[in-house]
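Hello,

I am passing on the structure we spoke about, with some notes on what turned up in it. Please look at it before reading on.

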Amino acid sequence: MELLRSYDVSSGESDKEDENAKETSNCEAVIRKDNVTEVEKETNYFGIEHNSNHSDYSSCNKGINRTDGHLEIGESGVDIPDSDFWRELTSDDLKQIKSDTSRTLSEIPVQKLGSPAKRKHDGLCKNSYPVRPQPSKATKQVYSSKSNDTVSLQRKLFYIHPKIQPRMHTLSHNNPPEKLDRHIAGHGGVVNRVKWNIPSFSHLFLTTSMDSCVKIWNAFSAESACMRNLMHHGKAVKDAEWSHDGRNILSCSYDRSAVLTDVETGKQVCKLEHAGYVTCGKFNPVRRSQVVTGSTNSLQHWDIRTPHTACKNFQYHDDLGQMQDVLFSKDGNQFFTCSDMVTRDSADRNIMAWDFSSGVPLSNQIYQERYACVRLKLHPTSSHFLAQSHGGYVALFSTTRPYKMVRSKRFEGHTLLGYSIGFDVSRDGSLVVSGSSDGKIHFYDFQTGKLKKQLASGLDVCVDVMCHPVLASTVVCCSWDGGIRIFH
C-alpha cells in the first residue's frame with residue numbers, strides 16, 4: 001500500500017511536471033523548414049528587431065491572451081513581456097503607451113538602408129528598418145546649397161600643389177609663353193599690383209586694386225579662383241607684399257595705413273598708421289619682422305611685433321617726394337628707393353641707396369636722367385637691380401658701390417605714357433618681362449637686351465606682370481579695367 005501511495009504521489013508530481021513542460025514548450029516559437037528546427041530569437045520588447053516574415057508568435061504572457069499581449073505600433077509589432085509590471089496594466093494603459101510610442105517614432109529621422117550586403121556590413125538585422133519618408137526636392141536643394149557654402153569656407157589654402165611639387169627643386173630655362181591659360185574678371189577698379197606667393201605656395205597670387213580690396217587667387221583651381229577677399233582698407237590699395245612664410249600680407253593704402261593680414265583667417269594682425277598716403281612697403285629678407293614703408297616725403301622702419309610706433313624715420317635734408325617702390329639687397333643691410341621727385345636738370349633723388357641699420361643715405365646720384373622711376377627689381381642671379389623708367393625702358397644698375405648705371409644695356413620697346421607700369425625678371429634671370437600701355441607684354445633677353453617677343457594680352461593697359469617663381473614660361477598680368485590673365 002505504501003508503495004502504491006508513493007507511486008500515486010510521484011505520478012502526480014510527474015503529471016504536474018509534464019504540464020509545466022507543455023506550458024514552457026508553448027512559449028517557444030518553433031519554425032520547421034526542411035526538417036530543421038530553428039528556435040526563434042528572443043522576445044523583441046522594443047520593436048527594434050521586428051521580423052515581418054515571422055507571423056506566428058507565442059504570447060508567453062500569463063493572464064493576457066495572444067491578442068492583448070501584442071501591440072501594433074506603426075509598422076512594427078511589440079510583444080508584451082511577462083512581468084508583474086506589464087501584467088497589472090489595463091487596456092487603457094496599453095492604448096496610451098501605443099499612442100505615445102507612435103508619436104515618438106514619428107519624430108525620429110530614420111534613413112533608408114541600402115542592400116542586404118550593406119546592412120550586413122553595418123551590423124544591422126536583415127529586416128530591421130522602418131523607412132521614413134525622404135525629404136522633398138526643395139529641401140534637398142536648400143541643404144545642398146548650405147553644404148556648398150560650408151565647403152567654400154573650408155577650402156584649403158596652403159599646400160604644395162601637384163603641378164608645382166615636381167619642379168620646385170629644378171631650374172628650367174624660361175621662354176616666352178605661347179597661349180592664354182585663364183582670364184579672370186578680378187576687380188571693379190584698376191589693378192595696381194599682382195604678385196605670386198613664395199615657391200611653396202605659388203599656386204596662390206594676390207592682387208591689389210583701386211576698389212580698396214586685396215584678393216587672393218588660386219591660379220589652378222577648377223572652382224572659383226578667388227580664395228579670399230580682404231577688406232581692411234577704406235581707400236585704394238597701392239601695393240602689397242607676401243611675408244616670408246607666405247601666410248601673411250602687408251598691404252599699403254591711400255587711407256594712410258599699412259595692414260598686416262593673416263590670409264588663412266582673413267583677420268587683421270596689426271595696423272601701421274602713417275601721416276601720409278602709404279604707397280609701398282617691403283619686408284627685410286633677413287630680419288623678418290622688420291618692415292620699411294614709404295609715403296609722402298617719408299621712409300619709416302617698423303617692427304611688426306611693436307606696431308604702435310615706428311622704430312625709425314629715415315631723414316633727408318630735402319623733400320623725397322612720393323615714394324614709388326622699395327627694394328632690399330640680398331643681405332638686407334641696404335635698400336633702394338625710387339620716388340616721383342624730378343628736378344629741372346636731373347633726378348638726383350629719384351633712386352637712392354640707404355643703410356638699413358643707421359638710416360644714413362648712401363647715394364642719391366644713382367640715376368641722373370630726367371625721368372621718374374616707378375618700379376625696382378633685384379636680379380636673381382647677378383649683382384644688379386633694374387628700374388622701370390618713364391623714359392620707356394628698363395635700366396640696369398649695380399648693387400655695389402658706387403651703384404653705377406650700366407649704360408651699355410637697356411630694355412626698351414614698351415611704352416608707359418604716364419602709367420605706373422610694372423615689370424619682372426624670370427626665375428633663372430634670362431628674361432626681363434614688362435607690361436605696356438598698349439596692352440602688350442614685352443619679353444627681353446637679359447644678356448643681349450634685345451626684344452624676343454611681344455605677346456598681345458587682350459587688355460587695354462597691361463599695368464603689372466609677374467613671372468611664376470617655379471613654373472617656367474608662366475606669367476600673370478593685370479589691367480586698367482580690373483581684368484587678370486594667366487599665360488603659359
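Serine 243 sits in the loop that joins β10 and β11. Bear in mind throughout that this is a predicted model.

Is serine 243 buried or exposed? Its relative accessible area is 8%, and buried means under 20%, so serine 243 counts as buried. The side chain of serine 243 also has a polar contact, at 2.5 Å, with the side chain of aspartate 245.

**The sheet on either side of the loop**

Strands of a sheet pair through backbone hydrogen bonds, in either a parallel or an antiparallel arrangement. Here, β10 and β11 belong to an open sheet of four strands, in the order β10-β11-β12-β13, and the pairing is antiparallel. At the edges are β10, residues 237–242, and β13, residues 268–273, each of which pairs on one side only. From one strand to the next, the twist averages 15°.

Between β10 and β11 (residues 248–253) there are five bridges, in the antiparallel sense.

**The largest pocket**

β10 turns up again in the largest pocket, as one of the elements that give two or more residues to its lining. The others are β6 (191–196), β14 (280–283), β18 (323–328), β22 (373–378), β26 (423–425) and β30 (462–467).

How much space lies in the largest pocket? The figure is about 1,200 Å³. There are 38 residues in the lining, and those nearest the centre of the pocket are Glu241, Lys377, Leu378, Asp424 and Met466. By class, the lining of this pocket comprises 19 nonpolar, seven polar and twelve charged residues.

**The cavities**

Rolling a probe the size of a water molecule over the atoms shows where empty space is left. Searching the whole structure gives three cavities of 30 Å³ or more. The largest cavity has a volume of about 50 Å³.

Which residues line the largest cavity? They are Asn174, Asn175, Pro176, Pro177, Ser426, Leu431, Val433, Phe443, Cys467, Ser473, Thr474 and Val475. Seven residues of this lining are nonpolar and five are polar, with no charged residues. The lining of the largest pocket, by contrast, has twelve charged residues.

Regards

Terms used: Residues numbered from 1 in each chain as written. Predicted model: local features only at pLDDT ≥ 70, side-chain atom pairs only at ≥ 80, totals over all residues. Heavy atoms only, no water. Pairing = 2+ DSSP bridges. Axes fitted to C-alpha atoms, helices over the stretch in contact; angles between N-to-C directions. 1 Å grid on protein atoms, 1.4 Å probe; cavity = no way out; pocket = protein on both sides within 12 Å on 5 of 7 lines; lining within 4 Å. Points joined across faces, edges and corners; volume = space filled by probe spheres on them. Nonpolar A, V, L, I, M, F, W, Y, C, P; charged D, E, K, R; others polar. Buried < 20%, exposed > 50% of the residue type's maximum accessible area, 1.4 Å probe, protein only. Polar contact = N/O pair within 3.5 Å; in protein donor to acceptor, adjacent residues only side chain to side chain.
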